[in-house]
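Thanks for making time this morning. I would like to walk you through one model, slowly, and with the cut-offs stated as we go.

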There are 2 protein chains.
Amino acid sequence: MIKISELGEKTGLSPHTIRFYEKHGLIEASQRSEAGYRFYSEADVRRAEFVKAARSIGFSLDDIAQLLSIRLDKTSHSCQEVTDITRHKLDEVNERIAELQTMQRSLQLLLKSCSGGPENATHCSIMETLEAGSSPVTERGDES
Amino acid sequence: MIKISELGEKTGLSPHTIRFYEKHGLIEASQRSEAGYRFYSEADVRRAEFVKAARSIGFSLDDIAQLLSIRLDKTSHSCQEVTDITRHKLDEVNERIAELQTMQRSLQLLLKSCSGGPENATHCSIMETLEAGSSPVTERGDES
DNA sequence: CTTGACCTTAGAGTTAACTCTAAGCTTATA
DNA sequence: TATAAGCTTAGAGTTAACTCTAAGGTCAAG
């Protein structure tokens, strides 16, 4: 049985974060000392490591709560439930990447159009594009 | 001179958002009626459109505040200041894309490894990977 | 027995960009 | 003149995942 700071060292989570996860139902200490100190078993450590691994892949705490409930009783959950959660997360990630790539293209076009030199900004083409009220990417070309 | 809802229609911003931007110094009504109603001039509209354009490219409100102060006196700011802001934003976007692509690869690997079928999750390879406490991407291969 | 490191709790603060609410005033229309 | 639509303000709520604070209890070492 180890204390919260040791669990923190093993998992790379801070004691604060561990307590925060506990409040959200992700991690629990299987024992408490008389004084109320949390004590974690090997199984608790594995659960915490699971949470950490899922978190660092990008799953939300809600996703992880679902994965943990599957983990607790694998025989009554299907592989498909797990892939559904994973695929849903991948969809979110793909969508966000697409948004960011639109920004990326806009920003690259802005930079390409502008000298970036020390002359004053009176004729700065970035400013001009923004003044025109149009994004450099969505300006034109939305129709095939 | 137009009222806030009309400015909203012209720019695609809600009146709420326009007031919010005002509180943050981005937009101002050049006049108020006796009753305190905001009235916007053509120049105000152009400024609001500038904000909207910058926002939809992905600039933060802080970035936009900087761009607006350049816009107000272009002769005392250089092109380079504008490109610096833009490049900095592009760096952020690139960094975020890279993070998301790492998640994307992890999630794709998880999905590839798993049947996703209706059988129970006892031997689900996604669960196994997470149990192992390692991300499928950073597992190995960080050293050339 | 004191010092210092560590633990406890409840609850507040952080970040960004909105978004909404409440309570009341104004204005245009029927 | 009544009604509805729209405007005002200050301020609270939303989201996610922490992160920190305050005030105090515990424990091992010297």
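Predicted model: local features only at pLDDT ≥ 70, side-chain atom pairs only at ≥ 80, totals over all residues.

Residues are numbered from 1 along each chain as its sequence is written, chains are lettered from A and ligands numbered from 1 in the order in which they are written, and side-chain values use heavy atoms, with hydrogens and water left out.

On confidence, pLDDT is the predictor's own confidence in each residue, on a scale from 0 to 100. For chain A the mean pLDDT is 92, with 93% of its residues at 70 or more. Over residues 139-144 of chain A, however, the pLDDT is below 50, and beyond near neighbours in sequence this stretch has 1 contact in the model, where contact means heavy atoms within 4.5 Å.

Let me take DNA strand C. A residue is counted as near a strand if one of its heavy atoms lies within 4 Å of it. DNA strand C is surrounded by 17 residues, and the closest are Ser5(A), Arg19(A), Arg38(A), Phe20(B) and Tyr21(B). Of the atoms of DNA strand C that come within 4 Å of the protein, sugar and phosphate account for 73%.

Two or more residues of the surface near DNA strand C come from each of helix H1 (4-11) of chain A and H2 of chain B, and the largest share, 4 residues, comes from H2(B). Helices here are DSSP runs of H or I with at least four residues, strands are runs of E with at least two, and both are numbered from the N terminus.

What surrounds DNA strand D? There are 17 residues, and the closest are Phe20(A), Tyr21(A), Ser5(B), Tyr37(B) and Arg38(B). Of its atoms within 4 Å of the protein, 67% belong to sugar or phosphate and the rest to bases. A phosphate oxygen of DNA strand D lies 2.8 Å from a side-chain N or O atom of Arg55(A), and another such pair, with a polar side-chain atom of Ser5(B), is at 2.7 Å. Tyr37(B), by contrast, has a side-chain N or O atom 2.6 Å from a base nitrogen of DNA strand D. The largest share of this surface, 4 residues, comes from H2(A).

Finally, consider helix H1 (residues 4-11) of chain B, where Ile4(B), Leu7(B), Gly8(B) and Thr11(B) are buried. They cover an arc of only 105° around the axis, which puts them on the same side of H1(B); the arc is that of the directions from the helix axis to the C-beta atoms. Buried means under 20% relative accessible area, exposed over 50%, and partly exposed in between, with a 1.4 Å probe and protein chains only. Helix H2 (15-23), strand E2 (38-39) and helix H3 (42-57) of chain B are among what covers these residues.

Conventions. Polar contact = N/O pair within 3.5 Å; in protein donor to acceptor, adjacent residues only side chain to side chain.
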